[in-house]
Amino acid sequence: MSVKVRSVSKHYGKQKAVDSISFDAAPGRILGFLGPNGAGKSTTMKMLSSYLMPDSGSASICGYDTQGQSLEVKRLIGYLPENTPLYLDMYVKEFLSFVANSYQLSQTAKKINDVIEQVGLQSEQHKKIGMLSKGYKQRVGLAQAIIHDPKVLILDEPTSGLDPNQLLDIRSLIKSLGTDKTVILSTHIMQEVEAICDDVIIINKGKIVADTSIESLIAQHGPLSLEDIFRNITV
Ligand SMILES: Nc1ncnc2c1ncn2[C@@H]1O[C@H](COP(=O)(O)OP(=O)(O)OP(=O)(O)O)[C@@H](O)[C@H]1O
């Protein structure tokens, strides 16, 4: 298992955001992280990425502890936050070069060109990030998440804001990345879960209420659609 989470909890003041959750994620599988608004998905993803420390419990990425070994963790993961903090005044290539240098990558020019092609940014590559549409900004966010070829990808609503064509492109990119990496993605789109995820975790009010493969979730709930299963589990 490349991602191990054990009894992790997080409060913001009196607000309990994540309540003693435990789960694993394995390489070569795409894990869909679902839950209603405010369920604790982004908070969990921030903790997995070492951007936020749990109040209690532990999480590790490829054996490295997210609290004690955050530098190693940040090298091993690619993280696309919900609202990607991009430098709007930078040009696309300038920003990707900045990210590549922060990882001390070699052959940066080739890696930047490769990642621009992978996420479909060729037509926008000479623009300033601030001038890009929402969908293309999202692609820049994805590019910075994968440029260092991380073993684990944590994607917080990676397809939000994409038009239907872009959505299909990015889903197939995520699917192909998921063949050898561990991918954890959050989404509110059930079609997306059925299209690309192998496993699913449903979180509600900070607690895990389902942790299984897509096939067994559907098999357990008979003829219900994923939307109906989600509604039944999270009311
Ligand atoms: N920085 C913060 N300060 C205070 N409370 C916060 C903060 N961030 C999140 N919360 C609260 O923690 C809970 C979980 O939030 P979180 O963003 O993790 O949910 P989510 O499942 O990602 O929701 P969404 O689907 O709307 O993105 C919510 O009640 C939210 O209001």
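Predicted model: local features only at pLDDT ≥ 70, side-chain atom pairs only at ≥ 80, totals over all residues.

Visitor: How many of the eight residues is that, and what follows for the helix?
Guide: Seven of the eight residues in α1, which spans 41-48, are buried, so the helix is largely enclosed by the rest of the structure.

Visitor: What about Ser-50, which follows α1: is its phi positive or negative?
Guide: The phi of Ser-50 is positive, near 65°.

Visitor: Now the ligand. Which residues are around it?
Guide: They are Tyr-12, Gln-15, Ala-17, Gly-35, Asn-37, Gly-38, Ala-39, Gly-40, Lys-41, Ser-42, Thr-43 and Glu-82. Two elements, β2 (15-25) and α1, each give two or more residues to this shell.

Visitor: Which element gives the most?
Guide: Helix α1 does, with three residues.

Visitor: And what is the shell like by class?
Guide: Seven of its residues are polar, three are nonpolar and two are charged.

Visitor: Changing topic: how many residues has the largest nonpolar core?
Guide: That core has 60 residues, and Leu-96, Ala-143, Ile-154 and Val-183 have the most contacts inside it. Helix α5 (residues 134-146) gives the most to this core, with six residues.

Visitor: What is Ala-143 in contact with, leaving aside neighbours within four places in sequence?
Guide: Ala-143 is then in contact with Leu-96, Val-115, Ile-116, Val-119 and Leu-121.

Notes:
Residues numbered from 1 in each chain as written. Buried ≥ 20, exposed ≤ 12 C-beta atoms within 10 Å, placed from the backbone. Helix = DSSP H or I, 4+ residues; strand = E, 2+ residues; numbered from the N terminus. Near = placed C-beta within 6 Å. Nonpolar A, V, L, I, M, F, W, Y, C, P; charged D, E, K, R; others polar. Core = buried A, V, L, I, M, F, W, Y, C linked by C-beta atoms within 7 Å. Contact = placed C-beta atoms within 7 Å.
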